[in-house]
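Subject: The structure for you to look at

Hi,

Here is the structure I promised to pass on. Have a look at it first, then read my notes below.

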Protein chains: 2
Amino acid sequence: MSAIETLKSELAGLALEDNPQIVRQKSRDFFWYSPVLKQQLDHVTADLVVTPRTEAEVIRVLRACYALDIPVTTRGAGTGNYGQAMPLSGGVILNLADMNRVLSIRPGVVVAEAGAIISKIDEETRAHSGQELRLHPSTYRTATIGGFIAGGSGGVGSISWGGLRDLGNVLSLKVVTMEAEPRVLHLKGADLSRVMHAYGTNGVITEVEMPLTAAYDWVDVLVGFDDFMDSVVYADALANQDGILLKQLAPVVAPLPHDYFLRHQKYIRRDQSVVVIMVAPFAMDAFATFTASQGRASILYRSDQADEATLKTLPPAYELAWNHTTLRGLRVDPTITYLQVLYPYPDQVEKVRRMTELFGDEVPGHLEFVRFDGKITCFGLPVVRYTTEARLDEIIRLHEEAGCPIFNPHRYTLEEGGMKQTDALQLAFKREADPKGLLNPGKMIAWEDPDYDFSSSKVFLFSGLTPA
Amino acid sequence: MSAIETLKSELAGLALEDNPQIVRQKSRDFFWYSPVLKQQLDHVTADLVVTPRTEAEVIRVLRACYALDIPVTTRGAGTGNYGQAMPLSGGVILNLADMNRVLSIRPGVVVAEAGAIISKIDEETRAHSGQELRLHPSTYRTATIGGFIAGGSGGVGSISWGGLRDLGNVLSLKVVTMEAEPRVLHLKGADLSRVMHAYGTNGVITEVEMPLTAAYDWVDVLVGFDDFMDSVVYADALANQDGILLKQLAPVVAPLPHDYFLRHQKYIRRDQSVVVIMVAPFAMDAFATFTASQGRASILYRSDQADEATLKTLPPAYELAWNHTTLRGLRVDPTITYLQVLYPYPDQVEKVRRMTELFGDEVPGHLEFVRFDGKITCFGLPVVRYTTEARLDEIIRLHEEAGCPIFNPHRYTLEEGGMKQTDALQLAFKREADPKGLLNPGKMIAWEDPDYDFSSSKVFLFSGLTPA
């Protein structure tokens, strides 16, 4: 009997799925955003999907897989786009979709199971006490809170609150280790960084405690500009207005808004660059006053002045932003891809100008303004009109030489997609929590190849990757 | 019959007070913080106090005083300390204390009459929907919201929201003009700056619409340092933590905390500088983690770990901060006074270091960290061990020469206490709203003496000031 067959019998009574088509479907995330990852990982699939309903069932799965040396890759909703939930060596997909309860709500705090859909959490906290999460990805209506913490960095709300990595944006996590006898750890404070943004390589996050803020009926606004750089200067100035409460602020260069935002196309000329904004309803007077003072800006659309029938036809502004911009682009033009860039403070506007001049319409700009270490600056998620992998690497190199670090979404390892260095805390915790290295194998280079040279220009090749 | 006697008969039925002792008491604010203003203004008194209960009564008072050429100085609770409510030419004190109702509350917004006490507004908005005002002065429990808008600049909450001047921190104001037939204007957006921080010189604010934010049971914390500059560096870094929600952040140099914070004295060594902080309760883990990472910082007191009996003996942290630091100092040592300084970003820490080295214990530092134009920086409200007016002027000059602007609290005019230039919007609106110049006379130099040379080092002398 194969190890997987033994596992199935040992996990009798749990929700198991071994239909190859369904297993393959649950073995995929949004890795296909990247033509590079699509080629590398398209064949990847697990052997079995287990969908636990309780922490006790998670422990049972991890104990059994540990004994049988079966890899376990944890999955939320599979909306990540760096391949975080792809089971490179097969084995078990641990699908947390059924661990989705909101456990408690109090002023400023929600506790939920890791598989809870982010928008569903907000529905409950809004109804309970007019509160909502500080941060969410553009996949608000599908992503799980655990998956966001395990692989996200920030998103909608980062204009006010910074990123997930910032102290205070995650309050505590329950994590189950993969040992002969799995332990349940409750991490908080400095210990959180051990498992955050670790793709589930060193523990299974089963429960999260997150800060809440006041919920509002955010007003979606599109502001148009004839010149992209005017929109960037405007967004930078707006973000520095301390009294105007925003949740989202993203300049997108022409012709992307017209070409990609199909439901909003009627509001946008093809040569208009657009800033996608979410504004607190009571701040609309102040926002309009500020916008009028800036010149060259024209408000193209505001949801608080649209009728019900129109509103029903339009996606929310956050589904025009972050990786939904890319997603909408891919639907219109499957040949494009994208990058993730940081334009460091205080030269963010000037650096955007240089990259815009350098690449023109080969790398059309899409910026996301955020708080970063207490300052307003911007990330970029520029579209790339993809030709070859070599040219993509060159575009990356030119950004980095200009002082604009790239978080490469065309790599599936934590290090290559991130800071290109070993995270000593994550590595040390993996030694403790996953001694056999069975959790999401192949994603942490520091574990797979401790002597790997991050300064080389090579791409890491995980030897355990299932052959295509 | 004198004009005042005529006025009394015309205002029959309104709440009038002409007992000289009570009138004198209601003609005073906290001008005596300044030894300079104390000398200039101690004799000032109105002739009559009128306490209207409705907007209609305000209109009646202004109409009658206009006809009789009687000056009107509007008063909230008289907690300002630049002499804003001192009736320099006598006449009527318009006391808004009885116009104190909260009119409506909705998500993010409260509407209240101008005479409402700020803490009373928060009591109602907290009970209604867990909301509170963004900003308040340290005189939270006595000051009125209208007085704060007419003369304040920011305070507790400015670490998150910037100042009152920032778009979005006041939503709309109702203002009554002083004309033959007074008008009621509803100002919002760009028009708000006409009457904000104008000391009631160009209209009587009767109703305010203010933004609200989520209310929490803020935790009061004192963090101690052996070296003041370490406390400044710490506070600057803490303020730049985007995920740690604070409401207040004020370093105070030794020996002030020990000597002035008498109820907290048992927690503080005399050679300890202290940072006075208000932290959201759910952020305490993150706050403690950050503080532990900074070294040299020790948490001396946190209200969430104090017992009920102790809590009853201690004032809230906001009553150790802003001008309450000064007030506590004056109680211990009536010979001191203070200044108000801006240390502009990005050199705030270095500028504080230079001033600290230059003046030592003659000007002991008290800083208030705030958001200012989107960046973290700090104001100073340093104590000054007062000797002579000449030395005080020299201390001011040395600050300004070092690039640290002074908002001089030893002057009673808007310009000298502020930006030392005509506010064209305020002046234009005064022409329209107070054509006879009867509202709070002597406070707006641009009105009294259009050709005044603000670059001179002279002190403005208002010719209408009642002789001592």
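**How chain A is divided**

Chain A is split into domain 1 (3-95), domain 2 (102-214), domain 3 (219-401) and domain 4 (421-465), with the bounds coming from an automatic or database domain assignment. Before going on, some housekeeping: this is a predicted model, where local features need pLDDT of at least 70 and side-chain atom pairs count only at pLDDT 80 or more, while totals for chains, interfaces and linings use all residues. Residues are numbered from 1 along each chain as its sequence is written, chains are lettered from A and ligands numbered from 1 in the order in which they are written, and side-chain values use heavy atoms, with hydrogens and water left out.

**Domain 2 against domain 3**

The centres of domain 2 and domain 3 of chain A, taken over C-alpha atoms, are 26 Å apart. Domain 2 of chain A puts 17 residues into their contact and domain 3 of chain A puts in 21; contact here means heavy atoms within 4.5 Å. Together these two domains of chain A bury about 1,400 Å², with 53% of it on carbon and sulfur atoms. Buried area is the accessible area (1.4 Å probe) that two parts lose on being put together, summed over both. On the domain 2 side, A:S138, A:V156 and A:I159 lose the most area to domain 3 of chain A, together 43% of what that side buries.

What about charges and polar atoms? Three salt bridges cross the interface of domain 2 and domain 3 of chain A, a salt bridge being a side-chain nitrogen of Lys or Arg within 4 Å of a carboxyl oxygen of Asp or Glu. A salt bridge also joins the side chains of A:R165 and A:D373, at 2.8 Å from N to O. The interface of domain 2 and domain 3 of chain A has seven residue pairs in polar contact too (both at pLDDT 80 or more). A polar contact is a pair of N or O atoms within 3.5 Å; within protein, one must be able to donate a hydrogen and the other to accept it, and residues adjacent in sequence count only if both atoms are side-chain atoms.

The elements giving two or more residues to the domain 2 side of this contact in chain A are strand 7 (131-133) and helix 7. Helix 7 of chain A gives the most to that side, with three residues. Helices (H or I, at least four residues) and strands (E, at least two) are DSSP runs, numbered from the N terminus. Sorted by class, the domain 2 side that touches domain 3 of chain A has four nonpolar, nine polar and four charged residues. For those classes, Ala, Val, Leu, Ile, Met, Phe, Trp, Tyr, Cys and Pro count as nonpolar, Asp, Glu, Lys and Arg as charged, and the others, Gly among them, as polar.

**Chain A against chain B**

Now for the two chains.

About 2,900 Å² is buried between chain A and chain B, and carbon and sulfur atoms give 54% of that. A:L167, A:D242 and A:F282 supply 24% of the area that chain A buries against chain B, more than any other three residues.

Between chain A and chain B there are two salt bridges. A:K188 forms a salt bridge with B:D285, their closest N and O atoms being 3.6 Å apart.

The peptide bond from A:Y345 to A:P346 is cis, with omega near 5 degrees. A:P346 sits in the loop between strand 16 (341-343) and helix 13 (348-359) of chain A.

Cheers
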